[in-house]
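Open the structure in your viewer and keep the selection tool at hand.

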Amino acid sequence: MTSTPRLTLALSTTTALLATSLYGAASAHADDDPPGTEISAAAPVKVDPNDPDLKLPDGATLAQAKVLDIKSVVEDQSGDERREDTNTSITFALQAEVLFGKDSAKLGAEAKFRITGIAEEIKNQNATRVRVFGFTDNLGSSAHGDVLSKKRANAVHDILTETLNDAGITYEVRGYGEQYPIADNSTEAGRKKNRRVEVSFPRTEG
């Protein structure tokens, strides 16, 4: 089967060394991410606050330095599949329409091929912890979305366990319903992106 061409949407979208952030300055906060996607990075380079070349306004002091994670996002031209790579983890997001029929948790014909490809990457990374999270749009009741998203996450989990057949892998499977949208639910294009199953796991160190 011919693979779909991929389009790089953003590379290194959040790279920064905040060693020169000032106390009292306005701070920006990223949108809440689903549980298990917390940012983690190596210790930042130390900066000497007494360096004569470091220009600070009178009375200002250095904030504690920190490094934000690097994120690379690659998406199919069709938008059916998205891959996010950070320093510490890999996340695949598959749109529900690629995997399931409308309002269904039964996997379709193309689903196993897509999920098997993710399983290969899990194997390549020697991952022992895998998260499978289901999400829906905000149409219908919240309770229905919670149940449907969990059923869909379970269906993807079942194919992963069957394909990998590795008792050493621990899975976390959850359905979040309409929580944590990644696009605007006021449009069908946005709702389509929000109807998804995400599979995430740690990167190989080194």
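Start by selecting Thr91. Leaving aside neighbours within four places in sequence, Thr91 is in contact with Arg82, Arg83, Glu84, Glu198, Val199 and Ser200. This is a predicted model. Thr91 lies in strand β6. Its relative accessibility is 10%, so Thr91 counts as buried, the cut-off being under 20%.

Next, select helix α2, residues 111–124, and helix α3, residues 142–164. Their axes come within 9 Å and cross at roughly 55 degrees, which makes α2 oblique to α3. The crossing of the two helices is right-handed.

To see what joins them, show the side chains. On α2, the contact is made by Lys112, Ile115, Thr116, Ala119, Ile122 and Lys123. On α3, the residues are Val156, Ile159, Leu160, Glu162, Thr163 and Leu164. By class, this contact has seven nonpolar, two polar and three charged residues.

Now colour the largest nonpolar core, which has 26 residues. Those with the most contacts inside it are Ile122, Val130, Val132, Val156, Leu160, Val199 and Phe201. The elements giving two or more residues to this core are β6 (89–95), α1 (96–99), α2, β7 (129–135), α3, β8 (170–175) and β9 (196–202). Which element gives the most? It is α3, with six residues.

Finish on Val156. Not counting residues up to four places away in sequence, Val156 touches Leu99, Phe100, Ile115, Val132, Val197 and Val199. One of these, Ile115, is also among the α2 residues that make the contact with α3.

Conventions: Residues are numbered from 1 along each chain as its sequence is written. This is a predicted model: local features need pLDDT of at least 70, side-chain atom pairs count only at pLDDT 80 or more; totals for chains, interfaces and linings use all residues. Side-chain values use heavy atoms; hydrogens and water are left out. Axes are lines fitted to C-alpha atoms, for helices over the stretch in contact, and angles run from 0 to 180 degrees between N-to-C directions. Helices (H or I, at least four residues) and strands (E, at least two) are DSSP runs, numbered from the N terminus. Angles under 35 degrees count as roughly parallel, over 145 as roughly antiparallel, 65 to 115 as roughly perpendicular and the rest as oblique. A crossing is left-handed if the near helix is turned anticlockwise from the far one by less than a right angle, and right-handed if clockwise. Contact means heavy atoms within 4.5 Å. Ala, Val, Leu, Ile, Met, Phe, Trp, Tyr, Cys and Pro count as nonpolar, Asp, Glu, Lys and Arg as charged, and the others, Gly among them, as polar. A nonpolar core is a set of buried Ala, Val, Leu, Ile, Met, Phe, Trp, Tyr and Cys residues joined through side-chain atoms within 4.5 Å. Buried means under 20% relative accessible area, exposed over 50%, partly exposed in between (1.4 Å probe, protein chains only).
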